Structure formats: C-alpha cells, structure tokens
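Hi everyone, thanks for making time. I'd like to walk you through one model this morning, so please have a look at it while I talk.

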Amino acid sequence: MKFEQLLENIQFLQRFLFRQLHKAKLIYLLVIFALSLGISSWTVESNFIRIPIIGFHDIVDTQNPAELPPNRPAFSIDYTKQDLSVFLEYLAKENYWFLSSQDLYVYFIEKSQPIPAQKIGQKPIMIAFDDGYKGVHKNALPILEKLAVAHKEKGKFVLFVNPLFLGVDMGKDFVAHTTCNDLRDGYKKGFYDVQSHGFAHKNFTQIDGKELEFEIAKSKSELRKCMGDLDKNKVIGAHIAYPYGASDWEVEKILPKYHLTGFLYNDRLFRVNRLENNYRISRITVDKDMSPRALIRIAKKASTLRKKE
C-alpha cells in the first residue's frame, strides 16, 4: 500500500514538473517572439527606408525673356520655375520632410539620434542643387518662402556649391552664379543647407595628388569662410557632391579627412539598407524633360516614417 502511494506521489510530481516546464517553455518562446518582433520593427523602421534624393541644377523663369535663348544659353539640365513650383507645392501639401545633408547623416546613415517624434508619419526627401547658380536663389527660393507661409513649415534646399564661382556673372553667354551673400541670406532664413561641390568643378577622377586634395579641402574652407559666424555647428561643407558625379577609390581615400558623406549621380533611389559606403550615396538627376508628374511619382516612392512598435 505504501509502495502504491509512493508511486502515485511520484507520478503526481512528474505531472506537476512537466506542467511547470511546459509553462516555462511557453513563456520563454513568447519572450523570444516578442523580442523578435521588436527587433524586426526596429529593422524595418531604421534600415528599409527609401529616400529620394533629387538633384537639380539651374532654375529658369520661362516668363522672363532674359532667361531664355537667345538672351541666355539653354542646357538640358535646366529646370523651369513653373514646373518646380508644381512639384514643391505637392511636397509641401503632402507634408514631406525636406532633409538637410546632416539630417540624412545623423538620422538615417549614422543613426546617432532617433528620428524626431514630430517627423513620424512623414515621407523624407532631399532636394539638392549643384553648381550654385543664381537662378536657384532668384527663382527657387521664393517658392519655398511662399510655401512656408501657406503650410506653416519650412522646406529645405541642399546647395552643393563651387566656391571659385561665387558671384561670377559674365553676361548673357554665361550662366550667373550665386553670391556669398545670397547663400548667407537663404541660410539665415532657414531654407539653405550649404555643402561642397569641389572648389572649381573639376572632375575628381581626372586629377590626383595635391591637386585633388586642394580641390576638396579648398572648397570646404572657402565655404566656411563665407558662412563663418552662421555655422555654429560646423556642418557647412561637411558633405560633398562630386562634380560630374565622378568618384573612385583614390577620391574616397581622401574624403574622410574632410567630409562625412559623398553624393553620386546614378539615378537610383537611395535605400538605407543598401548603403555600404558613405561616399556612394545615390541621387536622381533632373533634366528639362522630366515633368512635375514624373518627379511626384519618384517622391511617392519614399517610405513613410513609422513609430517603432
């Protein structure tokens, strides 16, 4: 009788231990599952983000005869004020986040800071202009100023500038460039992010040694000299877009000494998870034949920023 009671107690104990182990295993699995969801959500939020980086050059006003042939040379990479206005109006109306180059670096590349809470629900985009043409300040900036009043939020332009040509205006056979005071004006108003495009717009892959380093270093130092007292966070000239979109391993070997990122022209959408090299950030080139509708289609491919679960 005692033996049967002992056996029954042992069996009860086995069943009890089995249930406890089963519960523990279930809890363990639930914890692992929850953690995996958290990691998955973080990954989707931080890595699988698409950001259109759209590159313009000069902006011309088709209603101003002085900005049309024969009074001004026409180029395939010109874009009209009228079409740009339609595109920017769409972005402002749809509440896009106009990124600066430092925004892109801090929040999406380096991830040293969390995406600001007020940006959740927005789509990120970068609007850039190469070469520092006068038409950007004269024709594009007023569009942003008007939209800022209408939509209560400022847009941002990233200007990749060649300091050698600041203020150069040689008449109708050449395209006028913006001045240092223009850059300061747009920056003080909160609309410009001023970055490097090489000192004299030389193709970096066709020069080397001291000449290459001069082009890179001189551009940054001259931009900081221009912006000086306004650049309290030392981000002016911290990023560079390559003249002609040209770069190679020799260029990229020098860049970390002067710049945090480098921008190509390869007509690809920038995808955070595919970036293997900070000096090979994808940009999309705009020419005169791209309609506002085509640009809007590109903008729509941007990811909507979502809160991490």
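Let's start with Phe129. Is it buried or exposed? This is a predicted model, and in it Phe129 has a relative accessible area of 1%. That falls under the 20% cut-off, so Phe129 counts as buried. Phe157 is buried too, with a relative accessible area of 0%.

Now, how are these two rings arranged? A search of the whole structure turns up 9 aromatic pairs. One of them is Phe129 with Phe157, an edge-to-face pair with 4.7 Å from centre to centre and 65° between the planes. Phe129 belongs to strand E6, residues 124-130, while Phe157 belongs to strand E7, residues 157-161, so this pair ties together parts that are 28 residues apart in sequence. The two also belong to a cluster: ring pairs link Phe129 and Phe157 with Phe56 and Tyr79.

How many of its residues are buried? The count is 6 of 8, so H8 is mostly covered. The buried ones are Pro292, Ala294, Leu295, Ile296, Ile298 and Ala299. And what covers them? The cover includes E6 again, along with strand E2 (53-56), strand E4 (79-80), helix H2 (81-93) and strand E12 (284-285).

Next, a spot at Ser76, which sits in the loop between strand E3 (59-60) and E4. Ser76 is partly exposed, with a relative accessible area of 47%. Leaving aside residues up to four places away in sequence, Ser76 touches Asp287 and Lys288. Ser76 and Lys288 are 212 residues apart in sequence, yet their C-alpha atoms are 5.6 Å apart in space.

Rings also meet charges here. Arg283 lies over the face of Tyr265, 3.8 Å from the ring centre. The charged end of Lys154 sits over the ring of Phe191, at 5.2 Å from its centre.

Let me finish with the whole chain. Its secondary structure comes to 8 helices and 12 strands. Of its 309 residues, 47% count as buried. The chain exposes about 16600 Å², and carbon and sulfur atoms supply 56% of that. Finally, take the contacts with a separation of 6 or more: 70% of them are between residues 24 or more positions apart.

Thanks, everyone. I'm happy to take questions.

How values were computed: Residues numbered from 1 in each chain as written. Predicted model: local features only at pLDDT ≥ 70, side-chain atom pairs only at ≥ 80, totals over all residues. Heavy atoms only, no water. Phe/Tyr/Trp six-rings, centres within 6.5 Å; stacked < 30°, edge-to-face > 60°. Helix = DSSP H or I, 4+ residues; strand = E, 2+ residues; numbered from the N terminus. Buried < 20%, exposed > 50% of the residue type's maximum accessible area, 1.4 Å probe, protein only. Lys NZ or Arg CZ within 6 Å of the ring centre and 35° of its normal. Contact = heavy atoms within 4.5 Å. Areas by Shrake-Rupley, 256 points an atom, 1.4 Å probe, with all protein chains shown as cover.
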